[in-house]
Amino acid sequence: MESVSKVYGGHHLAVDNVSLEIADGEFMVLLGPSGCGKTTMLRMIAGLEELTGGELWLDRTPAADLTPKDRGVAFVFQSGALYPNRTARENIMFPLRMAGEEPAAASTKAAGLAKILRIVPTLDRLPRTLSGGQRQRVAIGRAIVRQPRIFLMDEPLSNLDATMRTELRQEIGAMVRDLKVTTVYVTHDQVEALTLADRIAIMRDGRIEDVGTPAQIYNDPATAFVAGFLGTPRINLLSATVRVTARHRVSLDFGAQTLPLPPTDRRSLILSRHDGARVIVGARSDAITPAADGDDTDQLSGTLRALEFHGNQWIAFIHCGIEVLNPDFVGPAPTTSPSLVERPRIRHAAAHGSALSTMAKSVFRRSTTPPAVEPDDSPTHRRADLVLEVAADTSLTTGGKIHLTVDTSRLHIFDPHGQRIDRVTR
Ligand SMILES: Nc1ncnc2c1ncn2[C@@H]1O[C@H](COP(=O)(O)OP(=O)(O)OP(=O)(O)O)[C@@H](O)[C@H]1O
């Protein structure tokens, strides 16, 4: 997709100047909150929705004017509709029979897929006698049986219960990899994205905020929003001011407390030129740990307000007097008009291409006009707890003082617009 946009009804910008290259055989997951444009992207690839602007290529051929049939795509929706009067086997065979394939050969292919999808015992049953999960497996079998060029799936697991979701997720992953079909899979479930994808494109307000492998997106997120979208508990986003002391030592001033960065920290050089700048510091819940007894290297402290039991661990809520931000509200405001031209174009190349350096370059230029700081009790900024993970056998008790050690190498530092201050490599 090259600079693709979609405007519904002349004014509703659903997809905003998106460029994305998906490699042959790649499993690409489009991930993002409700309404961010994932389904619209999928429908444009399928040919079910016209592009308002930009170009769509399949292989090296412009495809925006091709009919859905000529694109060689197969589609599976949230609940795949089946022919009610045909058995599971006949449903799966149907596309092959329509294409003129012999019944015996079609039946063999259906049986092969049924094995992969673990629905062999159901092959001779009608859809109404199948469970939701079995019906969805049949729908997937029917979609993939003709070996489409592109396999498109729109939240195919969302109507299933948790156990069934996990099972079918694994089977979809195995099947798609076996068949090596290029796949675009839409979900708002981070676990599905992390477990299934070769690469994830994270969308927000019709744009792609980040594209990369699950590990890249999780460990090295391009924006605060992306950092907040992946991971449970959600990342802590702390509001800080950069302080540069003698010999260019950099500290992050959280107001109530200060955290020095080691001189070896690769962000120190960039930050040392920006004394007084506002930044957002992202710390995942396992990047901050309670300091061991007698450890005098603790870097932050607070009051343990609550402990939540999660079986294999506790989640601790610690009051540190630090301003905490909500990742959903960090970053550019949603676009309300189809003004597509001034936005910088970021091309998300297939597999290992470069992608986000344009974002990183503009950081401090843009941070000269930080967004207005909102009152402490707004949904964006609030004095709230640091959330961190604590081992199951902890002796911590609520109400007590707690000292914390921070792995500064695992902190992500963003400008006030939520863009990373250091270069993100893809
Ligand atoms: N046919 C349509 N006419 C007008 N607006 C539409 C139409 N289809 C989608 N939209 C709007 O476009 C935006 C993107 O919708 P889309 O369905 O692509 O989002 P999504 O990320 O798939 O959301 P969800 O996860 O809730 O399915 C939404 O604001 C939606 O209301």
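Q: What is the handedness of the crossing of α3 and α5?

A: A crossing is left-handed if the near helix is turned anticlockwise from the far one by less than a right angle, and right-handed if clockwise. The crossing of α3 and α5 is right-handed. This is a predicted model, in which local features need pLDDT of at least 70 and side-chain atom pairs count only at pLDDT 80 or more, while totals for chains, interfaces and linings use all residues. Residues are numbered from 1 along each chain as its sequence is written. Helices (H or I, at least four residues) and strands (E, at least two) are DSSP runs, numbered from the N terminus.

Q: At roughly what angle do the axes of α3 and α5 cross?

A: Axes are lines fitted to C-alpha atoms, for helices over the stretch in contact, and angles run from 0 to 180 degrees between N-to-C directions. Helix α3 (residues 88-98) and helix α5 (residues 132-144) cross at roughly 25°, and their axes come within 7 Å. That makes α3 roughly parallel to α5, where angles under 35 degrees count as roughly parallel, over 145 as roughly antiparallel, 65 to 115 as roughly perpendicular and the rest as oblique.

Q: Which residues make the contact of α3 and α5?

A: Two residues are in contact if their C-beta atoms, placed from the backbone, lie within 7 Å. Here α3 contributes Ala88, Asn91, Ile92, Phe94 and Pro95, and α5 contributes Val138, Gly141 and Arg142. By class, this contact of α3 with α5 has five nonpolar, two polar and one charged residues. Ala, Val, Leu, Ile, Met, Phe, Trp, Tyr, Cys and Pro count as nonpolar, Asp, Glu, Lys and Arg as charged, and the others, Gly among them, as polar.

Q: At about what angle do α3 and α4 pack?

A: The angle is about 130°, with the axes of α3 and α4 9 Å apart. That makes α3 oblique to α4. The crossing of α3 and α4 is right-handed. From α3, Arg89, Ile92, Met93, Leu96 and Arg97 meet Ala106, Ser107, Lys109, Ala110, Leu113 and Ala114 of α4. By class, the contact of α3 with α4 has seven nonpolar, one polar and three charged residues.

Q: Which residues in α3 are buried?

A: A residue is buried if 20 or more other C-beta atoms lie within 10 Å of its own, exposed if 12 or fewer, and partly exposed in between, with C-beta atoms placed from the backbone. In α3, the buried residues are Ala88, Arg89, Glu90, Asn91, Ile92 and Met93. Their cover includes α4 (103-116) and α5. Just after α3, Gly100 has a positive phi of about 90°.

Q: How many residues of α1 are buried?

A: Seven of the nine are buried, so α1 is largely enclosed by the rest of the structure. The buried residues of α1 are Lys38, Thr40, Met41, Leu42, Arg43, Met44 and Ile45. Met41, in helix α1 (residues 38-46), has 27 other C-beta atoms within 10 Å. Leaving aside residues up to four places away in sequence, Met41 touches Val15, Val18 and Leu30. Just after α1, Gly47 takes a positive phi of about 90°.

Q: What percentage of the chain counts as buried?

A: Of the 426 residues of the chain, 40% count as buried. The chain has 12 helices and 22 strands.
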